[in-house]
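Please read these notes with the model open beside you.

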Amino acid sequence: MADRGFATTVATARTGAMAAALTATLGLAAASWGIAVWQMHGMDMGVATRLGSFASFIAVWVVMMAAMMLPGAAPAVLRRAQASGGVRAVPLFIGSYLAVWALLGAAGYALYRPHGYVAAGVVVIAAGVYELTPVKRHFRRRCRDSVRSGFGFGLCCAGSSIGLMLMLMALGVTSLVWMSVIAVLVLAQKLLPAKAAVDVPLALAILGFGIWIALAPSSVPGLVPAM
């Protein structure tokens, strides 16, 4: 009876730790969405968006990444909390995970320039092609596996989502519309198993979208902000 009571106590404590880790992760994501909406209001200029100072951009970018990426990272956070026996490892895991996206944001800031619709279309077409590559499939599979560190998990997920993130940079890096669309795609790819019947049509749709942007940008909803 004593052993059974101890096992029950341990199981209850573990369940509580998992619930706390999930609540913290999703709560941070929800708060980040609220902050992102406030930060990005009125900033979207489509392909002509200017990033401003590095400090202001990286502050917005990290919040965006927390909002977009943490819901899909929740299963990995739970696995890490379970492996470590509690929630103490969760802040470090999440922090190092977001550090990967901060580094990619810094690289994006260095390379980004306001651009035309043809350039945006080319980037979207390239993103569609990437969705069909073995590299994409490899990183998407790794993003669903157990990874010991948040940094390692972030690298895998960055490899999986890099095409979609380049789409965001090309279409409107401060656009809440495109941020929401990309966030849904990233979440679906993190949580759902890979199936050619879904993934191939999605890649072809992205390719077609890129061609549409290059040929008739003014007809693409959400691409050109209303003046």
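1. A salt bridge is taken here as a side-chain nitrogen of Lys or Arg within 4 Å of a carboxyl oxygen of Asp or Glu. By that rule the structure holds two. This is a predicted model, in which local features need pLDDT of at least 70 and side-chain atom pairs count only at pLDDT 80 or more, while totals for chains, interfaces and linings use all residues. Residues are numbered from 1 along each chain as its sequence is written, and side-chain values use heavy atoms, with hydrogens and water left out.

2. Side chains of opposite charge can pair when their charged atoms come close. One of the two salt bridges joins Glu131 and Lys136, at 3.3 Å from N to O. "Buried" means under 20% relative accessible area, "exposed" over 50%, and "partly exposed" in between (1.4 Å probe, protein chains only). Glu131 counts as buried because its relative accessibility is 8%. Lys136 is also buried, at 3%.

3. Asp199 forms a salt bridge with Arg140, and their closest N and O atoms are 2.7 Å apart. Asp199 lies in helix H8 and Arg140 in helix H5, so this pair ties together parts that are 59 residues apart in sequence. Both Asp199 and Arg140 are buried. Helices (H or I, at least four residues) and strands (E, at least two) are DSSP runs, numbered from the N terminus.

4. Contact means heavy atoms within 4.5 Å. Not counting residues up to four places away in sequence, Gln189 touches Glu131, Lys136 and Arg140, as well as Arg144, Ser160, Leu164 and Leu202.

5. Which cysteines are joined by a disulfide? A disulfide is a covalent bond between the sulfur atoms of two cysteines; the cut-off applied is a pair of cysteine sulfur atoms within 2.5 Å. The structure holds one disulfide, and the residues joined are Cys143 and Cys157, with 2.0 Å from S to S. The pair links distant parts of the chain, Cys143 in helix H5 and Cys157 in helix H6, 14 residues apart. The link is right-handed, with 85° about the S-S bond. Cys143 is buried at 7% relative accessible area, and Cys157 is buried at 0%.

6. Cys156 counts as buried, at 7% relative accessibility.

7. Helix H4 covers residues 117-130, 14 residues in all. The expected span of a helix is 1.5 Å times one less than its number of residues. For H4 this gives 20 Å, and the end C-alpha atoms are 20 Å apart, which agrees. Ala120, Gly121, Val124, Ala127, Gly128 and Tyr130 are buried in H4. The buried residues of this helix pack against helix H5 (134-143), H6 and helix H8 (196-215).

8. Two further residues deserve a look. Thr174 is found in the loop between helix H6 (150-172) and helix H7 (176-191). At 5% relative accessibility, Thr174 counts as buried. Leaving aside neighbours within four places in sequence, Thr174 is in contact with Met40, Met43, Asp44, Met45 and Thr49. Trp33, found in helix H1, is partly exposed, with a relative accessible area of 25%. Not counting residues up to four places away in sequence, Trp33 touches Ala67, Met68, Met179, Ser180 and Ala183. The C-alpha atoms of Trp33 and Ala66 are separated by 8.1 Å, although these residues are 33 apart along the chain.

9. As for the whole, the protein has eight helices and zero strands. Buried residues make up 41% of its 227 residues. Of the contacts with a separation of 6 or more, 84% are between residues 24 or more positions apart.

10. On confidence, pLDDT is the predictor's confidence in each residue, from 0 to 100. The mean for the protein is 88, and 90% of its residues reach 70 or more. Confidence is lowest in helix H1 (residues 2-40), at a mean of 76, and highest in H4, at 96.
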